[in-house]
Every structure is written in C-alpha cells, then in structure tokens.
Number of protein chains: 2
Amino acid sequence: MQARVLALLRDEGPLSRVQLADRLGVSRTTIAAEVTRLSELGLAQEAGQAASRGGRRSTLVDLAPDIRFLGISIGATGMSVGLTDGRLAVLAIRSRDCDIRQGPEIVLATALEEARAVMAECGVEQPLGAGIGVPGPVDFHRGVSVSPPIMPGWDGYPVRDAVARELGCPVVLDNDVNVLAVGEQHAGVAKAARDFLYVKIGTGIGCGIVVDGELYRGVDGCAGDIGHIRVEDFGPTCACGNVGCLEAFSGGAALARDALAAARSGRSPVLADLLEQKGELTAADIAIAVSRGDAQAVQLIRDCGHRVGQVLASLVSFFNPSLIVIGGRVTGLGHALLAEVRGVTYRRSLPLATGNLPIVLSELGDDGGVIGAARLISSSVYAPFDGDRS
Amino acid sequence: MQARVLALLRDEGPLSRVQLADRLGVSRTTIAAEVTRLSELGLAQEAGQAASRGGRRSTLVDLAPDIRFLGISIGATGMSVGLTDGRLAVLAIRSRDCDIRQGPEIVLATALEEARAVMAECGVEQPLGAGIGVPGPVDFHRGVSVSPPIMPGWDGYPVRDAVARELGCPVVLDNDVNVLAVGEQHAGVAKAARDFLYVKIGTGIGCGIVVDGELYRGVDGCAGDIGHIRVEDFGPTCACGNVGCLEAFSGGAALARDALAAARSGRSPVLADLLEQKGELTAADIAIAVSRGDAQAVQLIRDCGHRVGQVLASLVSFFNPSLIVIGGRVTGLGHALLAEVRGVTYRRSLPLATGNLPIVLSELGDDGGVIGAARLISSSVYAPFDGDRS
C-alpha cells in the first residue's frame with residue numbers, strides 16, 4: 001500500500017484522498033489512515049485544496065517537499081551526478097569526464113566527491129537514498145559488478161555496499177542502460193510505453209528492456225547486452241574477445257578508431273586537420289567533420305547506423321516493441337545516424353512489427369541517467385519490503 | 001479467486017482446503033465458500049481424504065473429473081488434435097498431414113473433423129473450451145490471423161469466432177510457437193523456468209517467449225518472429241520477400257530444397273536414391289541420409305545448426321534466458337543438429353549469459369501443441385473475466 005501510494009504521488013503529483021482511493025481501488029478510510037501514517041513517517045503531507053468541482057473541496061496529498069534522492073550515472077568516459085526531489089525533478093546536476101578503467105576505488109571516490117558537491121549546492125545533508133548506474137553487467141540483487149568487459153578491476157566489486165557505507169543511506173546498483181531506460185520511462189519519450197527498448201550507443205553499446213512497464217533484467221542480469229551480437233563473420237577484435245561484434249564496429253571507441261585511421265590514411269582531410277589540432281579524435285569529431293562536408297565522415301556514420309539497424313531489425317522481429325529510443329553520446333552524430341538506423345530497421349523487419357514503431361532519439365541528455373537512478377532507489381525506498389520494482 | 005484456485009488445482013493436482021488457503025494467502029472460510037461455489041458450477045469437487053499427518057484428516061479438493069478441453073495445434077504441413085481433462089492430461093490425440101496453404105475453410109474443416117472424431121472416441125459431446133495454434137502471427141485479442149507469410153488466404157480470417165460457432169464453446173487462438181511454449185511450460189522441460197525461449201524449427205522457424213511465467217506476445221502480437229532475422233546479406237528469397245532470412249536458409253522447407261539440389265547435382269548419392277524411390281524429399285530424408293553415412297547430408301545439418309546458433313546467440317545476448325527448448329519436426333535431425341546449435345550459441349555469447357544456460361530438445365512431440373492449446377483455453381475458461389492469462 002505504502003509503495004503504491006508513494007509511487008502514484010511520485011508519478012502523477014498531488015492527488016486528493018478520493019483520487020488516491022479510486023486509483024488504488026481501496027476505501028477512503030484505508031487511504032486516510034495510510035496518509036496519516038505516511039505523514040508521521042515524513043514521506044507525505046497535505047498540500048492545499050484541490051480545485052473545487054462543486055461540493056466540499058478536498059485536500060490534496062503530496063510527497064514531503066524535503067525528500068531528496070541522489071542519482072549517479074557512470075558511463076565509460078564520463079559521469080553525471082544529480083539530486084532530485086521526491087517526484088524526481090532534477091534540482092542540481094554535475095557532469096564530468098571520468099575513465100571507468102581507473103577502477104572502482106578512484107571512480108567511486110570521484111562520484112562521491114561530485115555527490116557531496118551537489119548536496120552542498122542544495123543544502124542537503126543526507127539523501128533518502130541513492131541510485132547508481134555503471135556501464136556493464138550487474139548482479140542487481142547483490143549490488144555487485146559482474147565480469148564487465150570494458151570495466152577492468154570492477155569484477156565482483158561490492159559497489160552498492162561501498163557507496164551505502166560512505167553515504168549512510170540505501171543504495172541500488174544497476175546497469176547504465178537499465179537506468180537510462182527507466183529515466184526515459186519517467187520523464188522522457190517513453191512515458192506512455194509499456195514494452196520498449198532503450199538503445200545506448202556510447203563507448204559501448206547496450207540496451208535496456210522494459211516489459212509491461214517493468215525492467216527486464218534476464219536470469220543473470222545481463223539481458224540487453226546487444227553490443228556483442230555478431231554483425232559480421234570477421235572484423236576487429238572486441239573487448240569481449242570475439243570478433244564481428246556490433247560494438248567493435250559501431251561503438252564510440254570503434255568510431256574514434258576509424259576516424260583516426262581515416263585521418264592518418266589521408267582519406268579525410270578534415271579529420272586529419274582535427275587530429276593535428278587536438279592530438280586525438282573522438283566520435284564527436286566525426287560530427288564536426290560531417291558539418292564541414294567531409295564525405296569519409298558521412299560514410300563512417302552511415303556504416304555505424306547500418307550495423308546498428310541490422311541488429312535492431314533482429315530485435316524488432318524478436319521482441320516486437322512499441323517504441324525504440326536511441327541515446328548515448330554517439331547520438332550527437334544526429335539525424336544522419338538516425339536516418340540510416342531507421343532505414344535499415346524498417347526495411348529488414350516484417351511490416352506488421354514496424355507499422356506503428358517509432359524510432360526516436362532521447363532528448364533527456366545527462367538528466368536521463370540521474371532521473372533513472374533516482375527512480376530505481378525511490379521505488380526501493382518507497383517500498384521497503386519490495387526493493388525489486390522500478 | 002476462481003481463476004487462482006482452478007489454476008492451482010490444474011497445475012498441482014488435488015489439494016486440501018488448508019493447502020489452498022495457505023498457497024493463496026486467504027482465510028480457510030474464504031476457500032471453503034469458494035470451493036462450495038465451484039462445486040455448484042460443476043468445476044471442482046471433493047476427492048477423498050488427504051494422507052493423515054496426525055490430527056483430523058482433511059478432505060481433498062480436485063477439478064471435476066468430467067472437464068474436457070480440446071487442443072488443436074496446426075502447423076504448416078500437419079496438425080494434431082487432442083482432448084484433455086481439466087488438468088490437461090491428454091486423453092486422446094489424432095495427428096495428420098495437412099497443408100496450411102489450402103486456406104482456412106479447408107484446414108479448419110479438417111481440424112473440426114478430427115476434433116469430432118477425438119470427442120467421439122472419448123464419448124464427449126461438448127468440451128468446456130478449445131485452444132488453437134496456427135503457424136503465423138495472430139491478433140490474440142480479436143482471434144484473427146494477421147499477414148502470415150506462409151499462410152495464403154488466412155490474413156484477417158476470424159479463426160476463433162468461426163471455430164467457436166462450430167463447436168459451441170469458448171475458443172482462443174494463438175501462434176503455434178506460443179502454444180508450444182505454454183505446453184512445454186505445463187508438461188515439459190520448461191516446468192521450472194520463468195524466463196525461457198521455445199524455438200520451433202519446422203517448415204518455418206519461430207520462437208515462443210515466456211517472461212516471468214507469462215507469454216510475451218509483443219505490441220502487435222508478432223514477437224518471436226525470428227525466422228525473418230537476417231543471417232546473411234545475400235541468399236535465397238524468403239516467403240516474406242526479403243533475402244538472407246534464417247528461415248530461407250534453415251527452415252524445413254529450405255532444407256528440403258537443399259536436399260533436392262544435393263540429390264540432383266550428384267553431390268549426395270544417398271539423397272539421389274531416396275529421391276528416386278519417393279519422388280520427393282523432405283527434411284526428414286536428410287536424417288535418413290545421415291544414418292546411411294552421407295557426408296553431404298551431415299553438412300546440410302551442420303549449416304542449418306550453425307545459422308540457428310548464430311541467431312540464438314544474438315537472442316541470448318539480448319534476452320538472457322534461463323533455458324532454450326528446441327522443438328519442431330526438424331528436431332528429428334537429432335543430436336547432430338543440437339550439437340552444432342549449442343556449439344555456435346555458447347561460443348558466440350558472453351560467458352555470463354551461457355554459464356547456466358541449458359539448450360535442450362523438446363520431448364513432448366505432438367502432445368506439446370495439444371497441451372499448450374488446452375492450457376490457453378483452460379486459463380480463459382477458469383478465469384471468465386480475465387481471458388488474457390496463460
């Protein structure tokens with residue numbers, strides 16, 4: 001009951017007791033008692049009168065205004081740390097570069113430093129809980145990273161418990177794409193979607209899966225690991241040890257590698273100029289080269305989109321989602337990438353599955369990870385005996 | 001409540017009132033009243049004394065012994081029609097060849113003929129309901145076939161309502177692989193699995209998906225349509241109009257085509273002999289040729305298993321299931337096929353997802369489709385206001 005009342009207030013805002021009773025299918029007496037209990041716990045409170053609809057005006061119930069959640073979204077090359085209120089509005093956010101390969105001690109110390117800075121900024125001493133996303137497989141129930149290909153040193157590290165000890169509050173740990181999918185569901189384009197995919201194209205490539213409104217994690221917690229789906233029989237060796245993986249062709253690291261090769265070989269004068277100026281190239285430089293009319297850069301984006309589209313077409317045939325959201329840094333490559341992804345996906349899937357299937361870019365940016373992480377911990381805090389629901 | 005009591009009796013057999021109350025978390029008074037109501041409806045009854053555990057012996061409750069469900073499982077080239085009791089034990093079953101391309105009127109008339117024969121055999125005038133599986137996409141809620149590539153003439157045909165009118169009982173219609181997956185869950189190797197895949201390799205190739213114990217159908221009802229996943233950039237044209245689809249390489253129809261080519265080209269003397277004897281070849285003849293030591297036939301099976309394995313590896317990365325069951329006529333090709341499928345799937349997936357992943361052949365044979373179809377309609381009949389649960 002507590003979890004359902006608080007989740008409803010989180011997702012829909014202030015509601016009257018009558019509305020709460022109707023939505024949850026319980027009596028007004030039950031709701032009144034529950035609201036009193038939640039007020040005593042400091043989780044909910046009365047919040048003014050509802051607009052009159054004739055008759056007696058009813059009092060609205062809202063979440064306590066001082067509830068704060070911390071959302072920590074760690075990617076392969078950067079992190080965002082933010083503070084939200086009980087309804088997951090972002091009150092402050094800090095983003096910075098950070099290399100996941102530095103290992104858990106350094107990366108988590110950096111995250112905690114950012115967390116303390118963001119809490120100081122908002123005058124918060126203690127959040128109600130913190131959610132964390134990391135760019136690799138996670139044992140959700142134990143709160144531990146598990147054999148993450150691009151995260152050397154993290155295997156088996158007790159991320160959840162280490163951070164909980166430092167912060168002195170409950171913590172949940174999940175895969176970064178799961179966190180992003182949940183953020184998109186709460187505040188982004190996936191609000192109305194029950195069965196959708198969130199595909200992140202960052203340094204690596206992964207996919208968050210939502211089934212009937214709930215995250216689907218798979219039996220070992222590694223569902224959505226689509227970066228290692230084979231797209232060619234041969235190709236560059238992937239971090240996982242196989243060859244021909246999607247990520248080894250089309251992830252951010254692979255694009256940076258291809259951009260470098262195009263600059264050095266003389267195939268792309270624009271990328272060569274950028275390399276000379278900066279000393280290195282990232283996937284973002286390809287977008288700059290495209291904006292300067294570089295044909296080789298356009299080709300790199302097309303190849304990336306083509307292979308991502310091939311994999312998405314397979315997933316559409318298998319999963320028949322109502323929506324695909326594409327996020328991650330590589331989406332900075334913009335509409336040329338999206339056009340190619342869409343073209344291949346629509347062409348290679350059965351018409352029945354794509355007739356009403358939108359494929360869209362996420363618009364949440366760094367907020368998405370923070371909101372998603374905050375939402376995961378909010379569900380856990382709101383439902384103290386059922387930490388497994390998003 | 002009715003649905004939960006009846007499903008428990010269906011899946012676990014006779015239980016005492018005390019056991020029912022404990023399992024469903026309700027009071028004994030509630031259960032006693034519900035059992036009385038179900039007895040009056042003719043759905044449940046008392047069934048002797050439970051074994052004494054000291055103290056008063058309690059009376060067992062069981063499903064009414066005269067409950068009968070009809071299960072109709074239609075494939076591309078054959079059908080099985082069976083009658084089950086309330087717990088879905090198969091009482092009688094009839095299987096026959098039948099070409100789905102004859103269209104709905106002829107195929108359904110044949111199915112109804114078999115249904116009447118099997119009912120006559122068991123002395124049953126009227127089943128409580130019937131479940132039907134067909135080899136193509138289905139609009140589950142409307143009970144209609146939808147744009148099925150290998151089922152000319154079936155698009156939009158109101159299968160459910162047509163059969164319900166003939167039989168005079170409630171009917172549910174689903175995709176054949178969904179029906180097979182549910183059958184496997186009830187009586188086969190998937191009994192303990194919550195998240196698993198049932199892959200059928202018959203004339204076509206499809207996949208039933210079970211998430212948290214429930215069928216996942218996708219937003220348009222065509223989830224699991226893996227036969228049209230691309231495995232090569234070029235190749236034979238598929239029934240769906242694309243090229244490079246798994247089904248166009250490795251489905252039963254494709255194998256028969258390749259066997260014929262091997263016979264005619266002189267590459268396989270054994271298949272050439274079989275062709276001369278029989279005038280045609282099917283996928284099953286490849287198994288005969290293998291048993292006679294034909295190298296080309298072994299190669300055909302290896303190629304089939306290799307491509308199926310490539311697709312399964314992708315699905316394992318995406319879905320991280322706890323079990324994969326392989327069924328359908330092509331499994332008659334046996335362990336050579338399974339060995340190749342397993343080899344490729346295990347090699348091409350991340351170790352985390354395959355560490356505890358069994359890939360096994362279904363052992364239910366024709367019974368699987370009948371039990372699955374009966375289970376779908378039983379859930380609908382047992383829960384009159386919630387026909388959507390398996």
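Over the ring of which residue does the charged end of R217(B) sit? In this predicted model, in which local features need pLDDT of at least 70, side-chain atom pairs count only at pLDDT 80 or more and totals for chains, interfaces and linings use all residues, the charged end of R217(B) sits over the ring of F140(B), 3.5 Å from its centre. A charge is taken to sit over a ring if NZ of Lys or CZ of Arg is within 6 Å of the ring centre and within 35 degrees of the ring normal. In chain A, R217(A) lies over the face of F140(A), at 3.5 Å from the ring centre. Residues are numbered from 1 along each chain as its sequence is written, chains are lettered from A and ligands numbered from 1 in the order in which they are written, and side-chain values use heavy atoms, with hydrogens and water left out.

F318(A) and F318(B) form an edge-to-face pair, with 5.9 Å from centre to centre and 90° between the planes. This pair joins two chains, because F318(A) lies in helix α11 (residues 295-319) of chain A and F318(B) in helix α11 (residues 295-319) of chain B. Both F318(A) and F318(B) are buried, where buried means under 20% relative accessible area, exposed over 50% and partly exposed in between (1.4 Å probe, protein chains only). The ring centres of F319(A) and F318(B) are 5.8 Å apart and their planes lie at 70°, so this pair is edge-to-face. F319(A) is buried as well. One aromatic cluster is formed by Y216(A), F318(A), F319(A), Y216(B), F318(B) and F319(B).

In chain B, an open sheet with mixed pairing is built from 5 strands in the order β6-β5-β4-β7-β10, where helices (H or I, at least four residues) and strands (E, at least two) are DSSP runs numbered from the N terminus, and two strands pair if DSSP finds at least two bridges between them. The edge strands, each pairing on one side only, are β6 (90-97) and β10 (171-175) of chain B. Strand β7 (residues 129-134) of chain B pairs with β10(B) in the parallel sense over 5 bridges, and I132(B) has L173(B) in β10(B) as its bridge partner.

Notes:
Phe/Tyr/Trp six-rings, centres within 6.5 Å; stacked < 30°, edge-to-face > 60°.
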